[in-house]
Amino acid sequence: MTWSCLAEAAQGVLCTADPRAKVAESQAIARAWQSGGLGAIGSAHPPVRPSRPARPRLRPAKAMPRRRKGIGRANRIALLHALAHIELNAIDLAWDLIARFTGQGFPQAFYDDWVRVAADEARHFALLSARLGDFGSAYGALPAHDGLWEAACRTAHDPLARLAVVPLVLEARGLDVTPGMIARMQRAGDARSAEILGVIYRDEIGHVAAGQRWFVELCARRGLAPQPTYQSLVRAHFPGALKAPFNSEARAAAGLMPSYYEALAR
Ligand SMILES: [Fe+2]
Ligand SMILES: [Fe+2]
């Protein structure tokens, strides 16, 4: 594969429907970018919605059956499938951030960070879909909900709003809930699934940290105070309150302090 610039390469991933191809392309682009073989950042016209496979069937979030908390095989498959769907969205969210917000004077380090995140998300999706395969299942075998891209649409106008809602609300929420999921897998004696979730958990602390770093940097450039700006952007672009309890330890490891998010909890 050859690309004329990073933004166009990112757009190419967004326009790829097949998850396996999305993963392979993400990893190839990351390698090319990291070895300096991709040239400039350039610019692109990312689609409003990324291309997706025919399966899973996407349902409105409210029409999804409630995920039960049991540790039986079917519940674990359902959990792994839901997480694979989140990671597939995360691949597209990282490339959308790159393709959409060019020409805004960000340094190369901004793009370096999100290329690394995109490659991580591709690896996370691949780990989860391989694990579904171990169970005789596959990504696409169950329905999935269609709410995840809404956050991207609501924040397509402004990188500061995107950073507030995607890494600093949605990915931070992942830090809150993943330790409980790891414990459930361990209780089920499913060491491999627990191990995969452990890898994802550690990487996601880095994603929230990158979000926080660039959020603060962008606020400084605009002469805004980060904490009240975060709160007003989340109130404006994220429906509902944030869900406690928070994993304040993991959030703090990513540089996200309680003074940012506690006021937004129900
Ligand atoms: Fe991930
Ligand atoms: Fe992530």
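1. Burial in the chain. Of the 266 residues of the protein chain, 43% count as buried. The model under discussion is a predicted one, and the points below should be read accordingly.

2. Overall dimensions. The radius of gyration of the protein chain is 18 Å, which agrees with the value near 18 Å that a compact globule of 266 residues would have. Along its principal axes, the C-alpha trace spans about 50 × 45 × 30 Å. Among contacts in the protein chain with a separation of 6 or more, 80% join residues 24 or more positions apart.

3. Secondary structure. The protein chain contains 10 helices and two strands. In sequence order, these elements follow the pattern α-α-β-α-α-β-α-α-α-α-α-α.

4. Helix H1. This helix covers residues 6-14, and seven of its nine residues are buried, so H1 is largely enclosed by the rest of the structure. The buried residues are Leu 6, Ala 7, Ala 9, Ala 10, Gln 11, Val 13 and Leu 14. The elements that cover them include helix H2 (19-34), helix H3 (73-100) and H4.

5. The pairing of H1 with H2. The two helices pack at an angle of about 170°, and their axes are 9 Å apart. Because the angle is over 145 degrees, H1 is roughly antiparallel to H2. H1 passes H2 in a left-handed crossing. On the H1 side, the contact is made by Leu 6, Ala 9, Gly 12 and Val 13; on the H2 side, by Lys 22, Glu 25, Ser 26, Ile 29 and Trp 33. Of the H1 residues in this contact, Leu 6, Ala 9 and Val 13 are also listed as buried.

6. Helix H4. Residues 108-134 form this helix of 27 residues. From its first C-alpha to its last, H4 reaches 39 Å, close to the 39 Å expected at 1.5 Å a residue. H4 is followed by Gly 136, which has a positive phi near 75°.

7. The pairing of H4 with H7. These helices pack at an angle of about 160°, with 10 Å between their axes. That angle makes H4 roughly antiparallel to H7. The crossing of H4 past H7 is left-handed. H4 contributes Phe 110, Asp 113, Val 117, Asp 120, His 124, Leu 127, Leu 128 and Arg 131 to the contact. These residues meet Arg 192, Ser 193, Ile 196, Val 199, Ile 200, Asp 203, His 207, Ala 210 and Trp 214 in H7.

8. The pairing of H6 with H7. Helix H6 (residues 159-187) also packs against helix H7 (residues 191-222), at an angle of about 160° and with the axes 8 Å apart. H6 is therefore roughly antiparallel to H7. H6 passes H7 in a left-handed crossing.

9. Glu 204. Leaving aside neighbours within four places in sequence, Glu 204 is in contact with Glu 171, Gly 174 and Leu 175. The C-alpha atom of Glu 204 is separated by 8.8 Å from that of Asp 120, although the two residues are 84 apart along the chain. Asp 120 is one of the H4 residues that meet H7.

How values were computed:
Residues are numbered from 1 along each chain as its sequence is written. Chains are lettered from A and ligands numbered from 1 in the order in which they are written. This is a predicted model: local features need pLDDT of at least 70, side-chain atom pairs count only at pLDDT 80 or more; totals for chains, interfaces and linings use all residues. Helices (H or I, at least four residues) and strands (E, at least two) are DSSP runs, numbered from the N terminus. The expected span of a helix is 1.5 Å times one less than its number of residues. The radius of gyration is taken over C-alpha atoms; the globule rule is 2.2 Å times the number of residues to the power 0.38. A residue is buried if 20 or more other C-beta atoms lie within 10 Å of its own, exposed if 12 or fewer, and partly exposed in between; C-beta atoms are placed from the backbone. Two residues are in contact if their C-beta atoms, placed from the backbone, lie within 7 Å. Axes are lines fitted to C-alpha atoms, for helices over the stretch in contact, and angles run from 0 to 180 degrees between N-to-C directions. Angles under 35 degrees count as roughly parallel, over 145 as roughly antiparallel, 65 to 115 as roughly perpendicular and the rest as oblique. A crossing is left-handed if the near helix is turned anticlockwise from the far one by less than a right angle, and right-handed if clockwise.
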